[in-house]
Amino acid sequence: MTGTAPAVQTERLTRSFRGRRKEHAVTALDGVDLRVERGECFGLLGPNGAGKTTLIKILTTLLLPTTGTARVAGFDVATEPLQVRRRINMVSGGDSSGYGILTVRETLHLFARLYGVPGPEARRRADELLEITRLAEKADTRLSSLSTGMKQKLNFARGFMSDPEIIFLDEPTLGLDVEASRDVRAFAAGWVREREARSILLTTHYMVEADELCGRVAIIDRGKILALDTPRALKRMVSSEPVFELSIGTGGGTWDGLREVRGVRSLSHHAHPATGAIQLKVAVDEDQVIGEVLGRLRDLGTPVLHLAKSEPTLETVFVQLVGRGLDDDAVAGTDGAPG
Amino acid sequence: MNGWRERLRMNLGAIGARARVRVVASWRERSWIVGETIFPFLAMSAFVLVYRGLKAPRIYEAFVVLGGAMIAYWNNILWSMASQFFWEKEQGQLQLYLITPISRMAILLGMALGGIAMTTSRAVVILTGGILVFGIPFPWDRALPAFGLFLLTLGAVYSLGMILSSLFLMWGREAWYTATLFQEPIHLASGFYFPVRALGTVAASLASILPIAVGLDGIRQVLYGEAAHGFLPLRWIPVVLVALLALFLFLAHRSLAFMENMGKREGRLTLRGD
């Protein structure tokens with residue numbers, strides 16, 4: 001079907017992997033209901049082993065669901081894979097595509113032909129994408145001579161060569177340097193904004209990436225969607241107490257006594273690696289309490305170098321929902337899931 | 001109708017694009033010219049010199065040259081085509097092919113055509129070298145029917161390669177070890193360096209499921225008649241090759257679809273986990 005169907009729709013989608021023994025079976029996705037609209041950049045946040053890549057593999061027809069249904073552009077991934085494949089593409093971060101013996105431009109042309117893109121159009125798109133990914137100067141360089149970051153940027157460009165209706169970006173900036181990541185994010189944001197009814201499903205464990213790019217974000221862990229909303233609404237969900245970040249000089253007395261200030265709920269600290277200044281994170285009952293804290297520091301003769309109130313981030317939301325940080329290890333037992 | 005035409009156009013484009021990778025690769029890799037042409041010629045020369053040392057009839061030297069040329073195609077389907085999906089999977093690239101809307105057969109056909117172009121240069125060096133260096137007899141007036149049989153043989157051999165490719169797709173390393181294990185027995189059974197009839201009726205009959213053995217037997221018979229010591233009657237050989245070609249193509253199509261489906265069920269088409 002159809003240009004009006006949702007980009008992605010799953011109903012009670014479950015995927016299990018058999019283990020050597022029955023008790024070793026792993027449920028990578030557990031009854032996932034998801035709807036991604038046309039023209040939307042949708043983020044899927046979760047730690048390793050959460051089920052993100054399994055979901056992407058099902059949606060890109062590389063894996064069959066165990067139960068439930070998944071439709072992409074209105075087509076069932078299990079029974080109409082060809083229709084799905086005509087409309088999608090995928091970029092897996094950390095991977096490179098193509099053959100070392102081919103040049104950058106030849107690689108893009110190869111993958112364009114696999115989607116039936118005519119030669120002149122393939123050349124036009126290749127030129128545009130090479131410009132955007134800052135690979136134009138390397139267009140005639142063999143892949144074997146490219147750096148890892150350049151290969152990843154090429155892989156990213158490859159994904160857009162077919163001008164898909166829906167693109168799946170699986171950790172697209174994994175391993176890229178800051179500048180390249182910014183380029184990639186800017187391009188993805190522009191692509192979905194400027195082209196009608198194009199959609200992105202992005203998996204990432206970089207909170208900033210999801211926050212910056214995605215209109216809506218789902219937080220997934222152990223195969224279940226725990227929360228789904230706009231980043232703003234998700235942050236509002238977190239009824240956290242005000243948190244202030246202070247940078248203080250090393251002079252003066254000990255600041256341990258700050259914990260005893262009435263209204264201080266918690267206090268953590270670490271030394272700034274470059275300046276040696278102490279960074280304090282102080283959670284308080286209400287904003288006014290920070291005045292007490294500053295007064296106590298003044299009494300101690302400790303200079304306050306910087307003060308800022310920290311807003312809740314997606315990370316805060318994530319930690320509250322999942323009970324651990326994104327970079328923490330996956331739960332034992334799901335590591336071995338092949339999906 | 002338009003959809004059908006569009007799919008055909010897309011698949012033909014993909015065949016050309018994938019074949020081009022092979023051709024470009026072979027011409028850009030200078031070491032390939034030595035490794036794939038000069039060295040095999042030396043290996044073939046060793047067998048010619050053995051026959052010459054034994055004072056065998058000159059026709060045996062021609063057997064060796066033809067076998068040396070054909071062995072290149074067998075090695076190509078085994079190591080460069082059948083195993084290709086396995087290597088693509090190891091490099092994390094197979095998924096990029098599998099999510100495209102083109103037929104898996106088109107990808108393999110592209111690899112096959114590129115491989116044929118690349119391997120033909122090796123075969124030509126061996127054949128030309130055999131004629132010029134060792135002066136083997138080559139009846140040019142029978143070259144055309146021999147070439148026709150050669151094309152039929154290639155069709156059947158590469159169709160078998162597509163079946164093997166689906167096995168490699170699922171059982172990667174195990175299939176690799178098995179192929180290595182059977183390499184020499186298949187070289188023997190195919191009669192690359194001697195007439196397959198020398199194996200005896202039972203072994204030669206079993207070898208006839210290998211299109212390369214049937215084709216080589218036929219090409220030798222076309223070129224050298226009775227002196228070729230053929231096993232199957234020559235008039236049967238095109239029929240057998242066409243039957244093998246049709247059977248292998250059908251099985252390859254089914255096998256690729258089956259293996260892909262099994263891979264999707266078991267999660268064995270890609271490496272990266274979540």
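1. A definition to begin with: helices here are DSSP runs of H or I with at least four residues, strands are runs of E with at least two, and both are numbered from the N terminus. On that basis, chain B has 10 helices and 0 strands. Read from the N terminus, its elements run α-α-α-α-α-α-α-α-α-α. Please keep in mind throughout that this is a predicted model.

2. How does the radius of gyration of chain B stand against the globule rule? The value is 20 Å, close to the 19 Å that the rule gives for 274 residues, so chain B is as compact as a globular protein of that length. Along the principal axes, its C-alpha atoms fill a box of roughly 65 × 40 × 40 Å. Buried residues come to 48% of the 274 in chain B. Of the contacts in chain B with a separation of 6 or more, 81% are between residues 24 or more positions apart.

3. Of the 339 residues in chain A, 44% are buried. Residues 24 or more positions apart supply 72% of the chain A contacts that have a separation of 6 or more.

4. On confidence, the mean pLDDT of chain A is 86, and 91% of its residues reach 70 or more. The stretch to treat separately is residues 329-339 of chain A, where the pLDDT is below 50. In the model this stretch still has 31 contacts beyond near neighbours in sequence.

5. Strand β6 of chain A (residues 88-92) deserves a look. Why can it be called largely enclosed by the rest of the structure? The reason is that 5 of its 5 residues are buried. In a regular strand the side chains alternate between the two faces of the sheet. Here A:Ile88, A:Met90 and A:Ser92 point one way from β6(A), while A:Asn89 and A:Val91 point the other way, and all are buried.

6. Which strand is joined to β6(A) by 5 bridges? That is β7 of chain A (residues 166-170), and the two run parallel. Within this pairing, A:Ser92 has A:Asp170 in β7(A) as its bridge partner.

7. Most residues other than glycine have a negative phi, and most peptide bonds are trans. A:Ala197, however, has a positive phi, near 60°, and A:Arg222 has a positive phi near 50°. A:Ala197 sits in the loop between α6 (178-194) and β8 (199-204) of chain A, whereas A:Arg222 sits in the loop between β9 (216-221) and β10 (224-229). Are these residues buried or partly exposed? A:Ala197 is partly exposed, because it has 15 other C-beta atoms within 10 Å.

8. Lastly, the interface: 27 residues of chain B are in contact with 33 residues of chain A. On the chain B side, the elements giving two or more residues are α1 (2-28), α5 (94-98) and α10 (236-266). The largest share, 9 residues, comes from α1(B). By class, the chain B side has 12 nonpolar, 8 polar and 7 charged residues.

Note on methods
Residues numbered from 1 in each chain as written. Chains lettered and ligands numbered in written order. Predicted model: local features only at pLDDT ≥ 70, side-chain atom pairs only at ≥ 80, totals over all residues. Buried ≥ 20, exposed ≤ 12 C-beta atoms within 10 Å, placed from the backbone. Contact = placed C-beta atoms within 7 Å. Pairing = 2+ DSSP bridges. Nonpolar A, V, L, I, M, F, W, Y, C, P; charged D, E, K, R; others polar. pLDDT = per-residue confidence, 0-100. Rg over C-alpha atoms; globule rule 2.2 N^0.38 Å.
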